[in-house]
Structures are given as C-alpha cells and as structure tokens.
Amino acid sequence: MNRTRIVALALAATAAALVPALGQGATAAEGTYLQDPAGGEKSMKSMWTKDEMHKVEGQLRFFPGVQYKTVTRPGPSGAPEFERKTGDPKTLAWQPSYEFGWTVSDSTLVKKALTTKEGRHPIVVHAVLRAPDRSKAGEVRRELRDRPATGREKVPGGKRIACDTGEYTVEWSVTRSGYGTVSGTLRWDSSCEQYRTAFTTGEGPR
C-alpha cells in the first residue's frame with residue numbers, strides 16, 4: 001500500500017470519528033455550554049435574606065445542543081471507496097437545554113458567618129429564552145421538592161430553534177421559597193456557521 005493511500009485512509013477514519021453515526025439523527029457539542037455567572041464550576045450569583053442569616057446561590061448553564069442528520073459521503077481523494085458519515089448542513093438546528101445549580105446556606109450564630117449547608121429544601125428553577133424581537137422562544141420551569149442544600153438539575157428545553165436567527169437572551173432564576181431568588185441573563189448567538197463550514201469541508205464539528 002503506497003503512502004498516498006495510507007494517508008487517505010487515515011483522513012477518512014478521522015473524518016468519520018468526528019461525526020457521531022447515530023442513524024438518521026445526531027447531536028454534536030453536548031458538552032458545550034454558556035454559563036452565568038461566567039467563571040469556574042463553583043461560580044454563583046448569591047443573595048442574603050434581610051436578616052442576613054440565610055443565603056441562596058444560583059447558576060445557569062445553557063446548552064445550545066446543535067442537532068443534525070447524517071449523510072454518507074465518499075472517502076477522500078485517493079480512497080473514495082472508504083465512505084464516511086458526515087453532518088448534513090441542510091438539517092442543522094438547535095435544541096437547547098438548561099442546567100441549574102444551587103446552594104442554600106444558613107448562618108448558625110453570626111450573620112453572614114459560620115454557615116452550614118444542611119437539610120432538604122424546595123427549589124424552583126425557571127428560564128425563558130427570548131428571541132431577538134423579545135418574543136418568548138422557549139420556557140422551562142420546575143418545582144423541585146425535598147432537594148439537598150447543594151444540587152443541580154438539567155431541564156430539556158423541548159423546542160427546536162432555527163439556525164442563524166439572531167442573538168437570543170436567556171433569563172433565568174433559582175428560588176428557595178422563604179429565602180429569596182437569584183437571577184441573571186446571558187446572550188447566545190444562534191449562528192451555525194462553524195458547523196456548516198466543517199460539514200462542507202468534511203472535517204466534522206469541533
């Protein structure tokens with residue numbers, strides 16, 4: 001086998017590995033997310049109750065969830081018989097999900113000091129996805145009962161968002177009944193250009 005053919009085979013294998021072959025549907029970049037507040041895993045927005053004895057902290061991770069169907073294409077030049085599956089740019093779309101994080105703390109003796117994170121708590125998580133014209137493009141809300149003082153909950157958005165439809169805004173909140181609510185916003189650009197370009201060149205998503 002000559003060197004050109006070996007290289008072509010390697011390229012074909014690499015391209016195939018970059019696109020998950022899941023029949024007619026596939027999801028790429030599941031681990032890609034935007035976070036509010038920005039920072040590390042433990043970065044949170046927080047608020048104290050008026051008596052400064054109880055604190056609620058919250059965080060949102062927004063997972064755009066790009067989706068597409070796969071098509072079979074011939075292998076690279078030099079080895080066209082080695083077919084590979086790659087994403088079909090015409091089927092690109094988004095299907096967002098939302099992951100909420102929270103922490104509930106209680107001061108034991110001194111205000112804003114000597115805090116504990118104990119007990120079970122009622123937590124309400126809520127997010128609204130607003131289109132560029134401020135209309136509601138999606139919404140999720142869950143009432144979580146008997147949850148630990150520190151936890152996470154991922155909620156599927158349940159709605160597809162078309163590619164390249166502008167910059168969206170996510171409005172979110174985490175509420176601990178009787179304590180208070182922390183909230184925030186983040187921006188998300190719905191452009192699919194990076195995936196469209198990758199599929200066209202045969203390199204797969206990155």
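The side chains of K112 and E52 form a salt bridge, with 3.8 Å from N to O. A salt bridge here is a side-chain nitrogen of Lys or Arg within 4 Å of a carboxyl oxygen of Asp or Glu. K112 sits in the loop between β9 (97-107) and β10 (115-116) and E52 in the loop between β3 (45-48) and β4 (54-63), so this pair ties together parts that are 60 residues apart in sequence.

The structure is a predicted model, in which local features need pLDDT of at least 70 and side-chain atom pairs count only at pLDDT 80 or more, while totals for chains, interfaces and linings use all residues. Residues are numbered from 1 along each chain as its sequence is written, and side-chain values use heavy atoms, with hydrogens and water left out.

**The chain as a whole**

The protein chain has two helices and 15 strands. Helices (H or I, at least four residues) and strands (E, at least two) are DSSP runs, numbered from the N terminus. Of the 206 residues in the protein chain, 42% are buried. Buried means under 20% relative accessible area, exposed means over 50%, and partly exposed lies in between (1.4 Å probe, protein chains only).

Among the contacts in the protein chain with a separation of 6 or more, 67% are between residues 24 or more positions apart. A contact means heavy atoms within 4.5 Å.

The average pLDDT of the protein chain is 83, and 77% of the residues score at least 70. pLDDT is the predictor's confidence in each residue, from 0 to 100. Over residues 1-24 pLDDT stays under 50, and for these residues the model has 40 contacts beyond four places in sequence.

**Salt bridges**

A search of the whole structure gives 15 salt bridges. In general, side chains of opposite charge can pair when their charged atoms come close.

| Pair | N to O distance |
|---|---|
| K112 and E52 | 3.8 Å |
| R134 and E171 | 2.7 Å |
| D164 and R196 | 2.6 Å |

The side chains of R134 and E171 meet in a salt bridge. This pair links distant parts of the chain: R134 is in the loop between β11 (120-130) and β12 (136-148), E171 is in strand β14, and the two are 37 residues apart. R134 is partly exposed at 43% relative accessibility, and E171 is partly exposed at 24%.

D164 and R196 also meet through their side chains in a salt bridge. D164 lies in the loop between β13 (150-156) and β14, and R196 in helix α2 (residues 193-201), so the pair ties together parts that are 32 residues apart in sequence. The relative accessibility is 41% for D164, which counts as partly exposed, and 24% for R196, which counts as partly exposed. Elsewhere, salt bridges that share partners join R61, E99 and R152 into one network.

**The disulfide**

A disulfide is a covalent bond between the sulfur atoms of two cysteines. Taking a disulfide as a pair of cysteine sulfur atoms within 2.5 Å, the count comes to one. This disulfide joins C163 to C192, with 1.9 Å from S to S. The link of C163 and C192 is left-handed, with -70° about the S-S bond. C163 lies in the loop between β13 and β14 and C192 in the loop between β15 and α2, so the pair ties together parts that are 29 residues apart in sequence. C163 is buried at 13% relative accessibility, and C192 is buried at 0%.

**Strands β14 and β15**

Strand β14 (residues 167-176) runs antiparallel to β15, and 10 bridges join the two. Two strands pair if DSSP finds at least two bridges between them. The bridge partner of Y168 in β15 is W188. The hairpin of β14 and β15 has three residues between the strands, and G178 there takes a positive phi near 85°.

Strand β15 (residues 180-189) has a covered face of G180, V182, G184, L186 and W188. Its uncovered face has T181, S183, T185, R187 and D189.

**D36 and its surroundings**

D36 is in strand β2 (residues 34-36). With 8% relative accessibility, D36 counts as buried. Its side chain makes a polar contact with the side chain of W172 at 2.7 Å. A polar contact is a pair of N or O atoms within 3.5 Å; within protein, one must be able to donate a hydrogen and the other to accept it, and residues adjacent in sequence count only if both atoms are side-chain atoms. The side chain of D36 also reaches the backbone nitrogen of T185 at 3.3 Å. Apart from neighbours within four places in sequence, D36 is in contact with K45, Q59, L60, W172, G184, T185 and L186.
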